[in-house]
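Biologist: I am new to this one. Please show me the structure, and then I will ask about it piece by piece.

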Amino acid sequence: MKWVRFTFLILAAAVIQSSALMDIVSLTDMHIKPDILLVLLVYFAINCDSYDVIITSFAIGLATDITGTQIGPCFLSFGIIGTALSHIKKVILLKHTRQQALTIIAAGVLAYSMAVILAKFRVPSTTGGPFKIFAVSVYSGILWFLIRWPVITLGKWIGVGIHRFGAKPQER
Amino acid sequence: MARKQFKPSKLTLFISLFLFGCILLLLPQNVTSRVNFAFIDIFGYFLNMGSSATHNRQPQSSSPDFVTRHDYNRLWVAFSNLQNEFFEQKRQMETLGKVRLTEPDPSTGLVLAKVVSRKDRQFIINRGSTDGLKAGQYVLGDNAVIGVIEQVSTDISSVQLITSSACKLPIKISAPDINTYFNGTMHGNDKNGAMVLNIPQKYKIKAGFNVYAAEKSGFLRSMRIIGRISKCTAGEKNPVVWDITVEPAYDFNNITDVAVIVLNQTG
């Protein structure tokens, strides 16, 4: 895992996610946009070894928080969901694109719901419409079918996504 | 002998990061918001790429008999504010008799700012606490109330727009037929408008009535136009009240310059 390249990728994704460019693909007057960082969270959770998943999940959560208004809620929720996904992949391989898209939807709903609950502890007036959370997650899951190959290419550039059967990474 | 590289176990790593996240969550908002503002400061150029406000320049009208929609909205806002000030002064004169009144000067206490970044129902402007801004101050866009200051750093601030459901403002609805105002509270609908709920149906309110931000001590000296009622129907959950939908005076995508009302303590 090449961490410098990973940091650059996450920063670039965070900038694109919060830029006005994403308004081009937004839907309805609620400005529902796909979440690139959510897609990357699930991708790294599925394709990295469990040690790296913990670091990548929390890092992506921090990037999501930095583009928002509060630091902490997404850092925790993405970290927990990413770590949980790394354990789930030991039972369910999640090799098919449809499975991965459904995982993005489920992870998005859970992660953002958890983030809204955590955010309310800090700022009680925080609002997080359940419909918008669901819509963003579904949109991100659909987007996975379109951006799968560029993400896999970038993943290989970072040093993930290559399954080596028989060569077990050192697990503790 | 080779040095053993320190590598914590997965559980240790997870617990450390989890505790770090809990600490971040417990830090005060005014400390962590600096990170958000720093991100916007550093990447401001890239964040504004593709912004519609810089490209949405309406062409000047070629006919002397017509004006553009944006100019029409600006004229309507100016007229509504003046009309309101006129009625307010007339009411006060009738109440106080021969006492001379000083009209509040709307041009004092305004800090002009530019919108440097846009998010869902939020603007980031290039003024902060060094310019006298603080949370709760009203923000005007072309003379109409568009939101309130949410968070402030030394040189940039975030503006919560009136279309956000977290933005709650005391408002007054003008009823020109009977020359009075109805009080209420407005909050955004997370789309392109706002809602006013729990107004009893005994008040004769119709679509097209103006909605003003009510005066607030220390923040707003006189009423300011917000928009007008686009829809007024019987409440879905409670049929004895109105469900009022308010349309803002302007399309927020077209606003690039704002003014923050900063009143001094004696004002």
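Biologist: How much space lies in the second largest cavity?

Modeller: This is a predicted model, where local features need pLDDT of at least 70, side-chain atom pairs count only at pLDDT 80 or more, and totals for chains, interfaces and linings use all residues. Residues are numbered from 1 along each chain as its sequence is written, chains are lettered from A and ligands numbered from 1 in the order in which they are written, and side-chain values use heavy atoms, with hydrogens and water left out. A cavity is a set of points, on a 1 Å grid over the protein atoms alone, where a 1.4 Å probe fits but cannot get out; points are joined across faces, edges and corners, and the volume is the space filled by probe spheres set on them. For the second largest cavity that space is about 60 Å³.

Biologist: Which element supplies the largest share of the lining of the second largest cavity?

Modeller: Lining residues have an atom within 4 Å of a cavity point. Here they are A:Gly68, A:Thr69, B:Asn36, B:Phe37, B:Ile40, B:Lys119, B:Gln122, B:Ile124, B:Gln151 and B:Ser158. Helices (H or I, at least four residues) and strands (E, at least two) are DSSP runs, numbered from the N terminus, and in chain B helix H2 (29-42) and strand S2 (122-125) each give at least two lining residues. The largest share, 3 residues, comes from H2(B).

Biologist: How do the residues of that lining divide into nonpolar, polar and charged?

Modeller: Ala, Val, Leu, Ile, Met, Phe, Trp, Tyr, Cys and Pro count as nonpolar, Asp, Glu, Lys and Arg as charged, and the others, Gly among them, as polar. The lining of the second largest cavity therefore divides into 3 nonpolar, 6 polar and 1 charged.

Biologist: Where does helix H6 of chain A bend?

Modeller: H6(A) covers residues 130-158, 29 residues in all. In H6(A) it is about 65°, with A:Pro150 following within four residues, and the place is A:Ile147.

Biologist: How many residues of H2(A) are buried?

Modeller: Buried means under 20% relative accessible area, exposed over 50%, partly exposed in between (1.4 Å probe, protein chains only). The buried residues of H2(A) include A:Ile36, A:Tyr43 and A:Asn47. The helix is largely enclosed by the rest of the structure, because the buried count is 12 of the 12.

Biologist: Is B:Asn198 buried or exposed?

Modeller: B:Asn198 sits in strand S8 (residues 194-200) of chain B. Its phi is positive, about 60°, although it is not a glycine. Most residues other than glycine have a negative phi. With a relative accessible area of 61%, B:Asn198 is exposed.

Biologist: What is the phi of B:Asn143?

Modeller: B:Asn143 lies in the loop between strand S3 (138-141) and strand S4 (144-152) of chain B. At 36% relative accessibility, B:Asn143 is partly exposed. It is not a glycine, yet its phi is positive, about 80°.

Biologist: Which residue forms a salt bridge with B:Asp142?

Modeller: A salt bridge is a side-chain nitrogen of Lys or Arg within 4 Å of a carboxyl oxygen of Asp or Glu. For B:Asp142, the closest N and O atoms of the pair are 3.8 Å apart. B:Asp142 is in the loop between S3 and S4 of chain B and its partner in helix H4 (residues 69-96), so the pair ties together parts 68 residues apart in sequence. The partner is B:Arg74.

Biologist: How far apart are the closest N and O atoms of B:Asp257 and B:Lys114?

Modeller: The two form a salt bridge. B:Asp257 is in strand S12 (residues 257-261) and B:Lys114 in strand S1 (residues 110-119) of chain B, so parts 143 residues apart in sequence are tied together. B:Asp257 is partly exposed at 38%, and B:Lys114 is partly exposed at 46%. The closest N and O atoms are 2.5 Å apart.

How values were computed:
1 Å grid on protein atoms, 1.4 Å probe; cavity = no way out; pocket = protein on both sides within 12 Å on 5 of 7 lines; lining within 4 Å. Expected span 1.5 Å × (residues − 1). Bend = angle between axes of the 7 residues up to and from the residue.
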